[in-house]
Amino acid sequence: LEITDPKSMMTHHTWIWDVRNTAKEPLRAIFYSLGGDSPKDFSELNVKITDEKNNRLEIISLDVNRPLQKAFYVKLATPIRKNQTGRLLKLEYDWEEPERNFEYVFSSKSKKLKYFFTAPKDLQIKHRILEIVRDLGEKRRAEPPATVKYLDDRTEIVWETAKNYKIQSHDAFAFQW
């Protein structure tokens with residue numbers, strides 16, 4: 001996440017997934033679901049999806065275009081075969097985060113999550129990274145703690161899941177600043 005406008009909390013979101021297909025059939029399209037706190041039309045989000053070869057991928061359906069929720073399918077340039085490795089997908093979009101809170105729910109199992117956040121130097125932030133405990137509905141500080149760097153022009157926060165942490169489908173994290 002990169003705060004590009006501190007007044008509106010406009011945030012440039014960049015997600016990079018190292019995708020592996022565990023199904024028998026080749027994976028030809030990917031489903032994305034986005035949510036936000038401020039009403040937006042899909043065209044205002046500046047959505048861009050690319051693959052490991054920097055091919056810009058085509059959005060083939062916009063299934064949900066509600067003010068606070070978007071859902072769409074993206075056609076892959078080449079299908080991902082079963083257990084194929086080295087396939088990256090990069091999703092970028094812009095959406096305000098006026099509450100200074102971003103939550104992410106995993107749609108499938110994952111090996112790790114690395115979070116990288118930047119904010120302009122003059123923006124006062126109080127970062128917290130929370131793990132959302134599904135069954136209890138509570139939030140607790142994620143371990144290990146994040147690394148914070150105060151640079152000349154920005155503040156950077158980096159955090160990643162511990163090596164032995166296993167992310168399950170529907171696990172969720174909250175990133176606050």
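Modeller: Let's start with K24. K24 counts as exposed, because its relative accessibility is 74%. Keep in mind that this is a predicted model.

Colleague: Where does K24 sit in the chain?

Modeller: In the loop between β2 (10-19) and β3 (27-35).

Colleague: And which positive surface patch residues go with K24?

Modeller: R20, K82, K111 and K166 form the patch together with K24.

Colleague: OK, salt bridges. How many in the whole structure?

Modeller: A search of the whole structure gives 9 salt bridges. Side chains of opposite charge can pair when their charged atoms come close. One of the pairs is K40 with E96, at 3.1 Å from N to O.

Colleague: Where in the chain are K40 and E96?

Modeller: They link distant parts of the chain, 56 residues apart. K40 is in the loop between β3 and β4, and E96 is in strand β7 (residues 87-96).

Colleague: Is K40 buried or exposed? And E96?

Modeller: K40 is buried, and E96 is buried as well.

Colleague: What about K139 and E103?

Modeller: Their side chains meet in a salt bridge too, 2.8 Å from N to O. This pair also links distant parts of the chain. K139 belongs to strand β11 (residues 138-141) and E103 to strand β8 (residues 101-105), 36 residues apart.

Colleague: Which residue does R140 pair with?

Modeller: With E131: the side chains form a salt bridge at 3.7 Å, N to O. R140 is partly exposed, with a relative accessible area of 41%. E131 has a relative accessible area of 17%, so E131 is buried.

Colleague: Go on, then. What else is in contact with T118?

Modeller: Leaving aside neighbours within four places in sequence, T118 is also in contact with L1, E2, I3 and T155. T118 is in strand β9 (residues 114-120). The relative accessible area of T118 is 11%, so this residue is buried.

Colleague: Switching to T50. Which strand, and is T50 buried or exposed?

Modeller: T50 is in strand β4 (residues 48-51). T50 counts as buried, because its relative accessibility is 4%.

Colleague: What does T50 touch, beyond its neighbours within four places in sequence?

Modeller: T50 is in contact with N55, R56, L57, L88, L89 and K90.

Colleague: Last one, R100. Where is R100 found?

Modeller: R100 is in the loop between β7 and β8. At 25% relative accessibility, R100 counts as partly exposed.

Colleague: What separates the C-alpha atoms of R100 and K126?

Modeller: They are 9.6 Å apart, and the two residues are 26 residues apart along the chain.

Notes:
Residues numbered from 1 in each chain as written. Predicted model: local features only at pLDDT ≥ 70, side-chain atom pairs only at ≥ 80, totals over all residues. Heavy atoms only, no water. Patch = residues over 30% accessible without salt bridge, like charges linked within 9 Å, V, L, I, M, F, W, Y side chains within 5 Å. Areas by Shrake-Rupley, 256 points an atom, 1.4 Å probe, with all protein chains shown as cover. Salt bridge = Lys/Arg side-chain N within 4 Å of Asp/Glu carboxyl O. Lys, Arg positive; Asp, Glu negative; His and termini not counted. Charge placed at Lys NZ, Arg CZ, Asp CG, Glu CD. Helix = DSSP H or I, 4+ residues; strand = E, 2+ residues; numbered from the N terminus. Buried < 20%, exposed > 50% of the residue type's maximum accessible area, 1.4 Å probe, protein only. Contact = heavy atoms within 4.5 Å.
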